[in-house]
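Biologist: I'm new to this one, so please walk me through how to read it. Let me see it first.

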Amino acid sequence: MNALDYLQFVLAPQVVNGLALGVAVVLVALGLTIIFGLLDVINMSHGEFYAVGAYLALALGAAHIDFWLLIVLVPVLMLPLGMVTERLLIRPVFNTKDRHVTTLLVTFGLALIAEDVLKLIFGPNTQRPPTPIPGASEIFGIILPNYRLFLIAIGAVIVAGVAFVVYRTRLGAMVRAAAYDRNMAASLGVPVSLVYSGTFAFGVALAGLAGVLLAPIYSIFPTMGRDFILLAFTVVIVGGMGSIWGAVVAGLLLTQVQALASLVISPVWTDPIVFGTMVAFLVFRPQGLFGRLGHA
Amino acid sequence: MLKIEGLNSHYGRSHIIQGIDLSAAPGEVIGIFGRNGVGKTTLLKTIAGWVKPSSGTIRLGDVSLAGLEPDRITRSGVGLVPEDRRIFPGLTVEENLTLGLMQVRGRSASAGRAVISEIYDRFPRLRERRHQLGTTLSGGEQQMLAMARVLVGEPQLVLVDEPSEGLAPMIVAEVFAIVRELKERGAMVLLVEQNVHEALAVTDRFVVIERGRIVLTGEAEDAKDRERLMEALAV
Amino acid sequence: MSRPVLEVSDLSIAFGGLRAVDQVTFAAERHRITTVIGPNGAGKSTLFNMISGALKPLSGTVLIDGVDMTGAAPERLKGAGLSRSFQITNLFFELTVAENLRLAAQVLEPAKRALLPIRCSTRAQAKTQAMLERFELTHKRDELAGNLSHGDQRRLEIAVCLASEPKILLLDEPTQGMSHQDTADTAKLVRSLTQDVSVLLIEHDIGLVMELSDHVVVMHQGRKLAEGPPAAVRADPQVQAAYFGHA
Amino acid sequence: MLDRLTLSMRASHVLAALLVVAALVLAVVGSAIGDTFYLRLATEALIFAGLALSVDLLLGYSGALSLGQALYFGIGAYTSALVLMKVPSFWLAMGAAAGMTFVCAIIGGLIANRVRGVYFALITFGLAQVVAKVVYNIRDLGASDGMIGIPVIDIGIGPFSVSAGNPVGFFLVVLVIIMALYAATAYLLDTPFGRVLTALKANEKRVPFLGYSVWRARMVCYLAAALIAGLSGALYPMLRGFVSPELMFFMTSGNAVISVILGGVGTLVGALYGSVFLVIIKSVIGSWTDHYLIIIGLLFMAGVLFMPKGLIGFVRPHVERMIAPRHLRETRAPEQDAPLKAEEVKP
Amino acid sequence: ADPIKVGVVTPSTGTFAPIGQQVRWALELAAKEINAAGGIMGRPVTLIVEDEETTPAAAVQKAEKLFQVDNVDFLTGTVNSGATLAVGQLAERNKKLATTSVSFADSITADKCSPNVFRVNARAGQQSAALAAWLLKQKPKAKIYYLGPDYEMGRSTVAAFKANAEKLGAQSVGEVFAPNDSKDYTQFFGQIRAARPEVMYISVAGNDTARLLTQMQDFGLLNSLQVVGASGTITSANMGALGAAANGFATGAGYSPQIDTPENKKFVADFRAAYKVDPDLYGADSYGTLYAYKAAVEKAGSTDTDKVRAALEGLTWNTPQGPKTIRAGDHQAMQPMYVVRINNGKFDIIDKVSAEDAIGPDTCTRF
Ligand SMILES: Nc1ncnc2c1ncn2[C@@H]1O[C@H](COP(=O)(O)OP(=O)(O)OP(=O)(O)O)[C@@H](O)[C@H]1O
Ligand SMILES: Nc1ncnc2c1ncn2[C@@H]1O[C@H](COP(=O)(O)OP(=O)(O)OP(=O)(O)O)[C@@H](O)[C@H]1O
Ligand SMILES: CC(C)C[C@H](N)C(=O)O
Ligand SMILES: [Mg+2]
Ligand SMILES: [Mg+2]
């Protein structure tokens, strides 16, 4: 294969496809990083919320609700789910000393249940909603499906919107304060309960949104929640716990590492390489690429 | 008007506040004295809603505070400067201060900024350090921040727990000046202090607590009362 | 007189642009109480942090018993006989009072006992008992440290520092939050300590400073402003202006 | 004078003794009625209890949650399997497994002990994933299919010999080994060094100022935990005759954590009970319904929410009260109204 | 009469849960039919089902329970190849019989074969023989690109097809092994395009196929390529998600619901009536398994392991796929293999290879 061919057919598409995958990962990681960074809760059931979003989209889509409406509707429907989860599971253990561990454990339990419940309701088989934007475009000889182009664009919009809310409003500081010292925050007038459940629900809604958006590409099945979650966790860590920009940079970077490693070394070793990157990051820069959330 | 009657609170099974009655009128500063571990802090925490009273009433104006969530109590006009300052780590000085704005609902952003800038004028040290993480401040600076944070909310009732703890004499004077200023504005202050002498200079009335009960009350101006106070505290 | 137990020379550190401690030099004599005073934010605790290994100095040296210990890890400093308390109470809140003390006293045991059952650590046990009595905490020995009132916690904090029989003890505002009675008791206690240890103290209670100190170091904006015997320092107009605020 | 930690440890020993008695009863009954399955299931439960024990040593004492402890279990298992296929010697296999895990744990510990808290959890998780993936890809280790054909060995103990294929005999051998590991851990925790570990969990930042190296304490704890996991893992191929990469996967680590939580964190004996309980639950509910994950998940959540101290945490105070001297009868837990993390507070 | 118990260890959780579903349905259907027709030697069949959890460790534990507590003489259902191997070893040590109706890995009836293990479905090599023959008839000297899942089954299917196809003159232009549960296959598309293949052989399964093929469709790769693959690549479990992306996919399989025999028509109709979906090859092979056992027990006149083993070796019995025979040497079932092409959700049969031509050599040396 000559060099030009390699560039046009192999390297360039690899980078571009890596980008699309990166956006998908960032979408999933976004809610995770917010819950982790602001509430200090490791939500192990995030992947299952992502799955719930996808299944909701599937079920509502089957009832002839338009995809464009679903993009709004599903996250809105996820909000109460997030609130209830927070009230019933997170709140009771939130103010214990080992919050990290206990919340990690309850949400892990929830993940086990959610996966099984989805299977109970929707069956074990793989399903897929139709692609909302069919067709493909060719840019500089690289073929890219239109839906992926759309995904990259909407991904950017969502990230920007979320970053605005978290960084440009007082919300970030408020949530962090409430998470750290609920009594003191409450004594400054922060409506602590609402802040907790609101933040959690927001993260859950983002997971649901990711589910709606990614289902046409990645299909829907009960265990789909496990799919992105490892990578999303890695992204959250490498990006700096809770940092939105960190998650974006790390998401795009790691998927490139993955894409190029699968090309140059072998796809088999991509997982170890990506995890190795995470481990190396933790060892040399435990705080991650960027600082924590809540700093303006 | 603050009126506390028959207040009791517990930590688990230990009965800490044992039937306290206390009232304050606008513009009144009440000194709360007592040895370590008698329940002074617990009393303030109970009023602020951190500890739920097991019985008794707490009324501020016509609002009954007992049993409310701390944020509701705050919005009813109660501000707490806690004993160990409780500066939020991971938040800058300015963020710590802006959070104080949450105490009041419906204030415009520009009004909020004005209040903050006023506070900075009073505590120039905080302006200097505004972008530093709150917890990296020195002990004294943290105390200033803790007070400043509550002041931006302009509360009716201010609960101050050992504010002079760890402060240099110059700053101690400053702190008591703030208390005096609060009083002049018409706020009520419950001031817990070990620094009895300086505290008395700003208080109207005082109470002494022993094992969760009020064992002595008196007027700060009254020489006899003061004598009894010194005796009770073995100063 | 023998060589000072602690010699600090030209110690500096900066946080970002801020020189929190700037070329500070002083020495603490054996069996004496040396007190560091200064306005809030002068850099006193930061100085302590560098001496005790919690922060690495930017420049300068710290000698303990004539041995260079600059930037050594806290556990090594402990080995050299330095012990410190914290301005913000820093105990093992989920352990009982006795356990807190025993943990501190355990370093007295020879290393080879580290892997023998705890009841063989007789010296640590005895020390714990002695500390409980000396600090009047015996009736609270099985109480969790987190459940003590603030004043008791401050006392326990000192006891913990002392349990390891240090040569030099750094106390950061030990009487903070103590009632008058307790403050007085603590002062007496600190005074009595000098039989066994040298004390380096940070304190704002000026009465206490005057009463206790043998030597006072005044800090202001990171620098050493003055030093000398208590009375002389108090009379210094510079100190008056910077610290007491009524020159 | 008896203190609170020693007292709770003694209460744990009482419960451990109870477990041994129950195990012996099972052995007698099992051999009387000629059962093999339940004995072997119990053996497996004990082997995984060893893994849970190592998780509890880390989590319950030094406060470090490992989400990848199965890594050392797996290393022990693979090492033992490889040795057994060449030389069917019990002692050689155990020795090799111990050596191998020790070496690997030094490397793993150097990496993992650079970080704390959540990061420790994730790094241990990451390490286990990487190694599991590597094993999954190595043909010589059977790759994804794992290795079968590990012979049933005879275990020589002095003049006696027990076949690993003998359900009662092997059950007793495993019981002895796991209880020995438990005893060794308990002993370790009752030494001054053990108390330093407890202190680490309570307030790590303060420990160096008492004169102890945090790094060293954490490292020793990590190595000890890895060894326990490795030795337990070494028993697995003797029981089942195969190893597969799944032994290192997250589910294995996760089950160990679940066991510890169910049994009670920081009680040691809770890890053993939790593991036995989990195996029973899975086996019983698994035969009723396909959707047993829902039940396990619910149980697990309920455990964390309503029994934060686990099964043992529930029972042990009663035992403590029974064996306690008067002055220790009442200890109340601190009420939670303080801020949570000391981490960022200035020293 | 007391029932004959058959143990079933098959996944109901994990990635392979959909396959386990087909296995269970088919076995239940077969058991119901057999019992309705008077059972085996007059004894009814009962199935005892346990979850494989897709891991060998769980499978072995469950299998042991079935062998020792429930005292089954015969066990089937394992999906994960590692689980099949581990359970096989257990069966051997317990002197019981185990079969798989799903696992492909050649090793099960080759280098890791066991006297107590039988495979009732077609292994990787068999599937390839028919498919390669058909493919090279269509496109002589075809340029083939291979994409397999990265585990033993994936590697053995690719190796088997490659060997078969190269023997017939095909040209291999590249291969890649993607990790199981890959999300995005687009990262391989560049390499694939650059290699300019005419044919692509894939052996991923389940959700992975759904992703791979729909992503190929989105990227326009399906337009110019003939995609062929392993028999488990497309089944009723992922057909729904694939939609049009499945069209034209060809595979060598031991089964298609389209097989035009009365037995199969009846089987498909019954299956659909009971479970509302078509059986797939796992269903068909599992269904046949129980009939093989029935035939063997009746031939042996006993459920004794040694006797049933002897009866199974060389046994020929009837299945919806037509008669199958178990080769005595390695316990691998021989059966005619079909080339099946998918056309709008239907598995059209387009070619057929006889059982003898498909099976390949017996390399088992253990017994
Ligand atoms: N979180 C808690 N849980 C259990 N008991 C507590 C808790 N906090 C305080 N106590 C106990 O309640 C009693 C009163 O404590 P409190 O802090 O109100 O005393 P205080 O008067 O403020 O003392 P100080 O002057 O030392 O601050 C003390 O005996 C203390 O041990
Ligand atoms: N980690 C840090 N980052 C930035 N600035 C810091 C940090 N630690 C301390 N400072 C600053 O250094 C200065 C000295 O602080 P230090 O705590 O030493 O004061 P101090 O003399 O002990 O005061 P106090 O009497 O109030 O305790 C303060 O202005 C503080 O804000
Ligand atoms: C650590 C987690 C990302 C694990 C994930 N929930 C799983 O079960 O695979
Ligand atoms: Mg107090
Ligand atoms: Mg200080």
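**Reading a ligand site**

Modeller: Let's start with ligand 3: helix H9 (residues 229–239) of chain A supplies three residues, the largest share of the shell around this ligand. Helices (H or I, at least four residues) and strands (E, at least two) are DSSP runs, numbered from the N terminus. Keep in mind that this is a predicted model, where local features need pLDDT of at least 70 and side-chain atom pairs count only at 80 or more, while totals for chains, interfaces and linings use all residues. Residues are numbered from 1 along each chain as written, chains are lettered from A and ligands numbered from 1 in the order written, and side-chain values use heavy atoms, without hydrogens or water.

Biologist: Which residues surround ligand 3?

Modeller: A residue is near a molecule if one of its heavy atoms lies within 4 Å of it. Here chain A brings Met44(A), Ile229(A), Leu230(A) and Phe233(A), and chain D brings Phe125(D) and Phe250(D). Since the surrounding residues come from chains A and D, the site is shared between chains. On its own, ligand 3 has 290 Å² of accessible area, and the protein covers 85% of that. Such areas come from the Shrake-Rupley method with a 1.4 Å probe; for residues, only the protein chains shown count as cover.

Biologist: Now the metal. What are the protein donors of the magnesium ion, ligand 4?

Modeller: Donors are N, O and S atoms within 2.8 Å of the metal (3.2 Å for Na, K and Ca), and with water not among the atoms, sites may look incomplete. For this magnesium ion they are Thr41(B), through OG1, and Glu83(B), through OE, at 1.8 to 2.1 Å. The two are 42 residues apart and link distant parts of chain B: Thr41(B) sits in helix H1 (residues 40–48), Glu83(B) in the loop between strand S6 (78–81) and helix H3 (93–100).

Biologist: Are those two buried or exposed?

Modeller: Thr41(B) and Glu83(B) are both buried. Buried means under 20% relative accessible area, exposed over 50%, partly exposed in between (1.4 Å probe, protein chains only).

Biologist: Let me try that on other residues. What is the relative accessible area of Thr186(C)?

Modeller: Thr186(C) has 4%, so it counts as buried. You'll find Thr186(C) in helix H6 (residues 180–193) of chain C. Leaving out residues up to four places away in sequence, Thr186(C) touches Ile158(C), Thr175(C) and Met178(C), where contact means heavy atoms within 4.5 Å.

Modeller: Ile192(E), in helix H6 (residues 186–195) of chain E, is buried at 0%. Beyond four places in sequence, Ile192(E) touches Tyr145(E), Leu147(E), Pro197(E) and Met200(E). With Leu147(E), 45 residues away along the chain, the C-alpha separation is 9.4 Å.

Biologist: How far apart are the closest C-alpha atoms of chain B and chain E?

Modeller: They lie 36 Å apart, and no contact joins those chains. Chain C and chain E don't touch either, with nearest C-alpha atoms 38 Å apart.

Biologist: Which residue has a positive phi without being a glycine?

Modeller: Most residues other than glycine have a negative phi. One to look at is Ala143(D), with phi near 45°. Ala143(D) lies in the loop between helix H5 (117–137) and strand S1 (147–148) of chain D and is buried at 1%. Another is Asn344(E), at about 50°. Asn344(E) sits between strand S14 (337–343) and strand S15 (346–353) of chain E, and is exposed at 61%.

Biologist: Which residues of chain D does UniProt list as "transmembrane region"?

Modeller: The unreviewed UniProt entry lists several spans, including 90–112 and 292–312. Positions follow the numbering used here, feature names are shortened, and annotations may be inferred rather than shown by experiment. In the model, residues 90–112 of chain D are 100% helix and 0% strand, with end C-alpha atoms 31 Å apart. Residues 292–312 of chain D are 86% helix and 0% strand, with ends 24 Å apart. For chain A, the unreviewed entry's list includes 149–167, and that span is 100% helix and 0% strand, with end C-alpha atoms 27 Å apart.
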